[in-house]
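Please walk through this protein with a few individual residues as landmarks, taking the helix, the loop and their neighbours in turn.

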Amino acid sequence: MARGAQKEQSRQKAQKEAAKRGKPKSQLGARAAGLQVKCPSCFSNMPTYKLLVQHMEAKHPKADIPPESSFTAA
């Protein structure tokens with residue numbers, strides 16, 4: 001390996017910079033908060049009522065689409 005020492009130095013430098021930046025932030029909490037509408041048939045989470053309507057028309061055409069007021073946050 002011709003670049004063994006340089007590769008090791010680059011790896012160590014990258015580790016130091018990563019430690020300075022801190023732990024990477026997870027977006028799972030923000031994602032879960034954004035998925036507020038749940039399909040009553042298959043329990044899939046949707047971010048908006050409009051997407052739920054599209055989902056219901058495509059995946060559950062025989063099921064009744066619930067009104068938007070039933071999904072408002074209490």
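Helices here are DSSP runs of H or I of at least four residues, numbered from the N terminus, and in this predicted model Leu-51 has its place in one of them, helix α3. Leu-51 is partly exposed, with a relative accessible area of 37%, a value that falls between the 20% under which a residue is called buried and the 50% over which a residue is called exposed. Along the chain Leu-51 and Val-37 are 14 residues apart, while their C-alpha atoms are separated by 9.1 Å.

Helix α3, which covers residues 49-59, also holds His-55. His-55 has a relative accessible area of 15% and is therefore counted as buried, since the cut-off for that class is under 20%. Leaving aside residues up to four places away in sequence, His-55 touches Cys-39, Cys-42, Met-46 and His-60. With His-60 there is also a polar contact, made between the two side chains at 3.2 Å.

From the helix we turn to a loop. Phe-43 lies in the loop that runs between β1 (37-38) and β2 (45-46), and with a relative accessible area of 58% Phe-43 is exposed, because the threshold for that class is over 50%. Most residues other than glycine have a negative phi.

Terms used: Residues are numbered from 1 along each chain as its sequence is written. This is a predicted model: local features need pLDDT of at least 70, side-chain atom pairs count only at pLDDT 80 or more; totals for chains, interfaces and linings use all residues. Side-chain values use heavy atoms; hydrogens and water are left out. Helices (H or I, at least four residues) and strands (E, at least two) are DSSP runs, numbered from the N terminus. Buried means under 20% relative accessible area, exposed over 50%, partly exposed in between (1.4 Å probe, protein chains only). A polar contact is a pair of N or O atoms within 3.5 Å; within protein, one must be able to donate a hydrogen and the other to accept it, and residues adjacent in sequence count only if both atoms are side-chain atoms. Contact means heavy atoms within 4.5 Å.
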